[in-house]
Amino acid sequence: MAATAWGQFLALVALLALTAPVLGRYAAAVYGGGGAPGDRLFLPAERLVYRICGVDPGREQHWTRYAFSLLAFGLVSFLALYALLRLQGVLPLNPLGLPGLDPHAAFNASVSFTTNTNWQAYAGEAAMSHLSQMSGLTVQNFVSAAAGMAVMAAFVRGIARRGADTVGNFWVDLTRGVVRILLPLSFLLALFLVGQGVVQNLNGHTVATTVEGAAQAIPGGPAASQVAVKQLGTNGGGFFDANSAHPFENPTALSNLVQTWAILIVPFSLALAYGHLCGDRRQGRAVFATMFAVWALVSVAVMLLESAANPLLAGTGADQAAGHLEGKETRLGAAASGLWAASTTGTSNGSVNAMHDSLSPLGGGLSMLHMMFGEVSPGGAGVGLNGMLVMVLLTVFLAGLMTGRTPEYLGKKITAAEIKPVVLYVLAVPVVLLGFAAASAVNGAALASLNNAGPHGLSEILYAYASTANNNGSAFAGLDASTPWFTVTTGVAMLAGRFLLLIPVLAIAGSLARKRPVPAGVSTLPTHTPLFGGLVVAVVVVVAGLTFLPALTLGPLAEYFAL
């Protein structure tokens, strides 16, 4: 791998090291319940929202009411977005006169954006009006990310509180996440992207005459504002069909680096915020280090794999110094595409700057496995920390069983009341992912959607359900996901991957909040040490390995050994 590629990786690490602690402290103040920086600016806006919505910000909720609020908000968001997409043909800000989406496509897109998945079974510039992009999809990019961050805040309160019956107020957490974190960051990033050349206008297609005399339709639209929040909120849905491989979304090497940073910054910073909120910064640093170690190892591995020569071209005399370039943008290169692929699959972002269907077998397989880990390195905005803390609780419980120590976390005993939701959390995604993948592998209509037969075709199916069940949204784009089978089943997978994980997290939060901590003793397992971090990584790898290795063996591994 070239020195410039290592330079990109180290520059990204430096950016994260400089900014994550600052944003982490700020996020802790936002969700901490007291005063926070910017109160003079943000409090009037928040109070206006509470007044319009009839919310009492001083009234906290039991975890069940918090969960009900989350589900009600998700349902209303889905119905509103579905109606907008179905009716966009008769609504304004539609310069191309695009019709409304058909029922299956509208269902899939509405579920996708309200669950923070942003899986797209359509081409953005050819299917969505500007109104749908701005008032539908971009709005959901903000609020779906903020909803995940709200559940994270409730989970952390459950861990930190003692003998409490409440875990916060969903509507307050949702509002503060949007107003104080996502909106300011997105505004600044959008300005930067416009300066780099990302499109931001209300035009339709501008027709230009090429040097050959042919007519070319150049798409326009409010792209920069959507791209900013799609990255910061770990959403990932592209304004254009090619997503961040499109030069109108990601025109330069600098915009590529900053967008990669934007994918990672909020999840990593929330891990550090956790240390402030639970009153033990060592815990936050331990979680951050665990997330970072997995992300860094996968990132370097995928960069090396994509920068390597293609064995099928060995002996042909072809110059392979640039690595695997099929499906990649030459202005970015193989290594930067590999770094983005590892980052977008380690979070629930799902945006792409290269076609993952063209990744090398091992590069694509490792990216897929990165999602199958549960997207905890560092995971999505809020939900990544949720997943890692669930794995921490599982590790504490297993370590206690193996060593004879009392399973405790921050002084609270981990019992069946917490482990039952943990098991549901761990099993939900594999059941949905492998169940739908198996059904698709024997379904003639599903197989007709494949662009490839054999192991790579199976990889396309596995990737589709790994992406949707983990609320990621990226794809092996050789799969035609616009058919009724895939629009419905991936929609169900997205709903399961969102709410069958968030509800158990809230149940754990409620259970832990009621408990009072006990003093640490000689049998208490330290949870802030490198040893414990290594145990957490081992649990994540073993759980994913035992669950998904057989399927991966038949897909990307079989393809690799067949080269």
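1. Where is Val302 found? In this predicted model, Val302 is found in helix 10, and at a relative accessibility of 0% Val302 counts as buried, because buried residues are those under 20%. Leaving aside residues up to four places away in sequence, Val302 touches Gly338, Ala342, Gly363, Leu366 and Ser367. A further pairing concerns Gly364, which is 62 residues from Val302 in sequence, while the two C-alpha atoms are 8.2 Å apart in space.

2. Helix 10 also takes part in a helix pair, with helix 1 (residues 3-31) as the partner: the two axes come within 11 Å and cross at roughly 165°. Since angles over 145 degrees count as roughly antiparallel, helix 1 and helix 10 are therefore roughly antiparallel to each other, and the crossing in which helix 1 passes helix 10 is right-handed. On the side of helix 1 the contact is made by Ala5, Trp6, Phe9, Leu12, Val13, Leu16 and Ala20, and on the side of helix 10 by Phe288, Phe292, Trp295, Ala296, Ser299, Val300, Met303 and Leu304. Sorted by class, this contact of helix 1 with helix 10 has 14 nonpolar residues, one polar residue and no charged residues.

3. The crossing of helix 3 and helix 4 is right-handed. Helix 3 brings Gly74, Ser77, Phe78, Leu81, Tyr82, Leu85 and Arg86 to the meeting, whereas helix 4 brings Pro103, Ala106, Phe107, Ala109, Ser110, Val111, Phe113 and Thr114. The residues of this contact of helix 3 with helix 4 divide into 10 nonpolar, four polar and one charged.

4. Turning to charged side chains, a search of the whole structure finds 11 salt bridges. One of them joins the side chains of Glu249 and Lys230, with an N to O distance of 2.6 Å. This pair links distant parts of the chain, as Glu249 is in the loop between helix 8 (223-232) and helix 9 (253-277), while Lys230 is in helix 8, and the two are 19 residues apart. What is the burial state of Glu249 and Lys230, buried or exposed? Both Glu249 and Lys230 are buried.

5. Another salt bridge is formed where the side chains of Lys328 and Glu306 meet, at 2.8 Å from N to O. Here too the pair links distant parts of the chain: Lys328 is in the loop between helix 10 (281-307) and helix 11 (334-346), Glu306 is in helix 10, and 22 residues separate them. Lys328 and Glu306 are both buried. Elsewhere, salt bridges that share partners join Asp39, Glu46, Arg176 and Arg180 into one network.

6. The salt bridge between the side chains of Asp280 and Arg282, at 3.2 Å from N to O, has partners that fall into separate accessibility classes. Asp280 counts as buried because its relative accessibility is 16%, whereas Arg282, with a relative accessible area of 40%, is partly exposed.

7. Which residues does Gln133 touch, not counting residues up to four places away in sequence? Gln133 touches Gly124, Met128, Thr138, Gln226 and Phe239. With a relative accessible area of 1%, Gln133 is buried.

8. Gly158 likewise lies in helix 6, and, at 0% relative accessibility, Gly158 counts as buried. Residues up to four places away in sequence being left out, Gly158 touches Lys412, Ala509, Leu512 and Ala513. How many residues apart in sequence are Gly158 and Ala509? They are 351 residues apart in sequence, and their C-alpha atoms are 4.2 Å apart in space.

Note on methods. Residues numbered from 1 in each chain as written. Predicted model: local features only at pLDDT ≥ 70, side-chain atom pairs only at ≥ 80, totals over all residues. Heavy atoms only, no water. Left-handed = near helix turned anticlockwise from the far one by under 90°. Helix = DSSP H or I, 4+ residues; strand = E, 2+ residues; numbered from the N terminus. Contact = heavy atoms within 4.5 Å. Nonpolar A, V, L, I, M, F, W, Y, C, P; charged D, E, K, R; others polar. Salt bridge = Lys/Arg side-chain N within 4 Å of Asp/Glu carboxyl O. Buried < 20%, exposed > 50% of the residue type's maximum accessible area, 1.4 Å probe, protein only. Axes fitted to C-alpha atoms, helices over the stretch in contact; angles between N-to-C directions. Parallel < 35°, antiparallel > 145°, perpendicular 65-115°, else oblique.
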